[in-house]
Amino acid sequence: MIFRMREVGFETETEYGTLQVAGNSEYGFRPYQLMAASIAVCSGGVMRTILDKKRISYEDITMEAHIERNEKEANRITKIAVHFTIKADISEEQMHKVMELTAKNCSMVQSVKDSIEIVETFKIVK
């Protein structure tokens, strides 16, 4: 990816359009938002793959991400909590196993696991 400086922030062209990144949310995505999105969406994609392989039917998966940052350490991300709401025919026990596999196989979670606390929880709706 090539990022080009703009008057405020930076941008890159992707096959899906222009991605604007800036320290001010008025001008684009903030870097910490992209980090949280990477963790949540990677986990969601891995979860879908696991559910498909296990032949567990599901209708919908949504994720809500909350970020904690430490202002004293350059405002670094210390924790990302991702809560999954899944509409599926799945037991709590099955879902716990799916969550374990999801965390183990998500490349973004594995990339930051030693520096950012990742907490993933779920709610099943029928």
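**A first walk around the chain**

Visitor: How much of the chain counts as buried?
Guide: This is a predicted model, in which local features need pLDDT of at least 70 and side-chain atom pairs count only at pLDDT 80 or more, while totals for chains, interfaces and linings use all residues. Residues are numbered from 1 along each chain as its sequence is written, and side-chain values use heavy atoms, with hydrogens and water left out. "Buried" means under 20% relative accessible area, with exposed over 50% and partly exposed in between (1.4 Å probe, protein chains only). Of the 126 residues, the buried share is 29%.

Visitor: In what order do the three strands of the open sheet stand?
Guide: Two strands pair if DSSP finds at least two bridges between them. β4 (58–70) and β6 (117–125) each have a single partner strand, so they stand at the edges and one side of each lacks a neighbour in the sheet. The pairing is mixed, and the order is β4-β5-β6.

Visitor: Which residue of β5 is the bridge partner of Tyr58?
Guide: β4 and β5 (residues 76–88) run antiparallel, joined by twelve bridges. For Tyr58, the bridge partner in β5 is Ala88.

Visitor: At about what angle to β4 does helix α1 run?
Guide: Axes are lines fitted to C-alpha atoms, for helices over the stretch in contact (heavy atoms within 4.5 Å), and angles run from 0 to 180 degrees between N-to-C directions. Helix α1 (residues 31–53) lies across β4, β5 and β6, and its angle to β4 is about 150°.

Visitor: Which strands does helix α2 touch?
Guide: Helix α2 (residues 92–105) packs on the sheet, and its direction makes about 150° with that of β6. The strands touched by α2 are β5 and β6.

Visitor: Is Ile116 buried or exposed?
Guide: You'll find Ile116 in the loop between α3 (107–112) and β6. With a relative accessibility of 7%, Ile116 counts as buried.

Visitor: Which residues is Ile116 in contact with, leaving aside neighbours within four places in sequence?
Guide: Start with Thr78, which is 38 residues from Ile116 in sequence but 5.0 Å away in space, C-alpha to C-alpha. With those sequence neighbours set aside, the contacts of Ile116 are Ile77, Thr78, Lys79 and Ile80.

Terms used
Helices (H or I, at least four residues) and strands (E, at least two) are DSSP runs, numbered from the N terminus.
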